[in-house]
Amino acid sequence: MTTSSKRVPQTMTEKILARCSGRDSVRPGDEIEARPDVVISYDFPGYTDVFFKEAREEFGVEKVSSPERYVLFIDHMVPAASPKEEELHRGTRAWGAAQGVPVHERKGIGHQVSAELGYATPGAFLVHFDGHVSQLGAFGAYAFGARKGVLEAYVSETIALRVPPTVKVVLTGALQPGVMARDVFHHMVRVMGPSSCAFKAVELAGPVIDAMSVEGRQTLCGQAMFLGATTMLVAPDARTREWLQGRACLDVPAVQPDEDAVYERVVTVDVSALQPIVVVPPSPANTRDLSEHVGLAVHAGYLGSCASGRLEDLRIAAQVLRGRQIQPGFQLHVVPTSQAIMAQAAREGLIETLVEAGAFISSPTCDYCYGRIATMADGQRAVSTGTLNTPGRMGSVDSEIYLCNAAVVAASALEGCIADPRPYLEAVA
């Protein structure tokens, strides 16, 4: 523990990691041993099953210390399509029961459900092997994907890491109708570059963030990896506190960045003129204006994933589709991100609207996003709110995925080609 009483200005990341490593302050480049507040995992072949086995056989850890610091989700291969998949789930359930670790099954995509259960407490330090856990940074937590390094968290109280530099991104202007958080993020990639924040944390600020919903902030933060960043955070505010009311389950101090915090750099991105975008294959770095691809034939649409499928996405899709029919032969798959979201969408009549338009509604699962189900054949194209557009992600390596916002997916379903949603939104405004 340091003994100096001199105040050191710090970013949010530095404050959280200082607390979890038992220090008064840390600086970028410091090598630390930090104790995660929560270790989050979903069961997946080669990950959790290996962690459980290696912890016992190679490290002699029969039982994790502080089981309340762990949580497991079964959100892939749901429902199981083979005995082997069900055997994996059965092993996860058994491990959780033996360890006293909660296992949440069929409640939705774990990154979203983690927030609903209150693990995304402002100021918390959360680790996972999946980098999309960074979306919990929308609540002021430091959440990052440590890949197989998460094994360390299963056998030890702490994990070793290097404190990353922090880049501050200030989003200015105001979003035009039909432009969503999805467009904002990919515009950031276009302006800043896909490796611009490699191995760094990102803090988001500015009037666009202040006005943005918590759901929109989750969309931004959850894709931090496509800027090369380890994670992305938003300082908690009244919106955060309202969303987490009665949910936050960790007793940790919330943090704000110091006004004189030292950032590696500060980047200002103006979104005033931003139009809907599309990210063209084969890379999530290929951001283009939607107008460049309007009219390109598409055969399927996916509205879901940990980057989408929340209420504001379902609401705008229903707004576009209400009273209309999708193109015959077009496959529109709508997958709410959690059971809680699906139930609320049903209460609001959104599910009815989407079904009447011809959409296929699925219970929450990650399986559409990584191509386990609803796969495409050679030569087919999809519009998607999923996380990736790399070849083979949703089926054949000779199919194509165009990433876009939920309104674009809905409009494209009506026309059977990439379409601008704004005329449909204006018609019901």
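Reader: Which residues line the second largest cavity?
Author: In this predicted model, the lining is made up of A300, G301, Y302, Q331, H333, A374, T375, M376, A382 and M394.

Reader: Which elements give two or more residues to that lining?
Author: Two strands do: β14, residues 300-303, and β15, residues 331-334.

Reader: And which gives the most?
Author: β14 does, with 3 residues.

Reader: How do the lining residues divide by class?
Author: There are 6 nonpolar and 4 polar residues, and no charged ones, around the second largest cavity.

Reader: How much space lies in there?
Author: About 60 Å³ for the second largest cavity.

Reader: How many cavities of 30 Å³ or more are there?
Author: The count comes to 2.

Reader: Then what volume does the largest cavity have?
Author: About 70 Å³.

Reader: What lines the largest cavity?
Author: M180, A181, R182, T219, A307, S308, E312, D313, T385, C404, N405 and A406 line the largest cavity. Two elements give two or more residues each to this lining, namely α6 (181-192) and α10 (311-321).

Reader: What about classes for the largest one?
Author: Its lining has 5 nonpolar, 4 polar and 3 charged residues. The lining of the second largest cavity, as said, has no charged residues.

Reader: Changing topic. What is the strand order in the open sheet?
Author: The order is β4-β3-β2-β5-β6, which makes 5 strands, and the pairing is parallel.

Reader: Which strands stand at the edges?
Author: β4 (103-105) and β6 (142-145). Each has a single partner strand, so one side of each is left without a neighbour in the sheet.

Reader: What holds paired strands together in general?
Author: Strands of a sheet pair through backbone hydrogen bonds, either parallel or antiparallel.

Reader: Back to this sheet. How much are neighbouring strands turned against each other?
Author: By 20° on average, with direction ignored.

Reader: Take β2 and β5. How many bridges join them?
Author: There are 2 bridges between β2, residues 38-42, and β5, residues 125-128, and these two strands run parallel.

Reader: Which residue in β5 is the bridge partner of V38?
Author: L126.

Reader: Which helix packs on the sheet, and what does it touch?
Author: Helix α3, residues 83-99, packs there and touches β3 (70-74) and β4.

Note on methods. Residues numbered from 1 in each chain as written. Predicted model: local features only at pLDDT ≥ 70, side-chain atom pairs only at ≥ 80, totals over all residues. Heavy atoms only, no water. 1 Å grid on protein atoms, 1.4 Å probe; cavity = no way out; pocket = protein on both sides within 12 Å on 5 of 7 lines; lining within 4 Å. Points joined across faces, edges and corners; volume = space filled by probe spheres on them. Helix = DSSP H or I, 4+ residues; strand = E, 2+ residues; numbered from the N terminus. Nonpolar A, V, L, I, M, F, W, Y, C, P; charged D, E, K, R; others polar. Pairing = 2+ DSSP bridges. Axes fitted to C-alpha atoms, helices over the stretch in contact; angles between N-to-C directions. Contact = heavy atoms within 4.5 Å.
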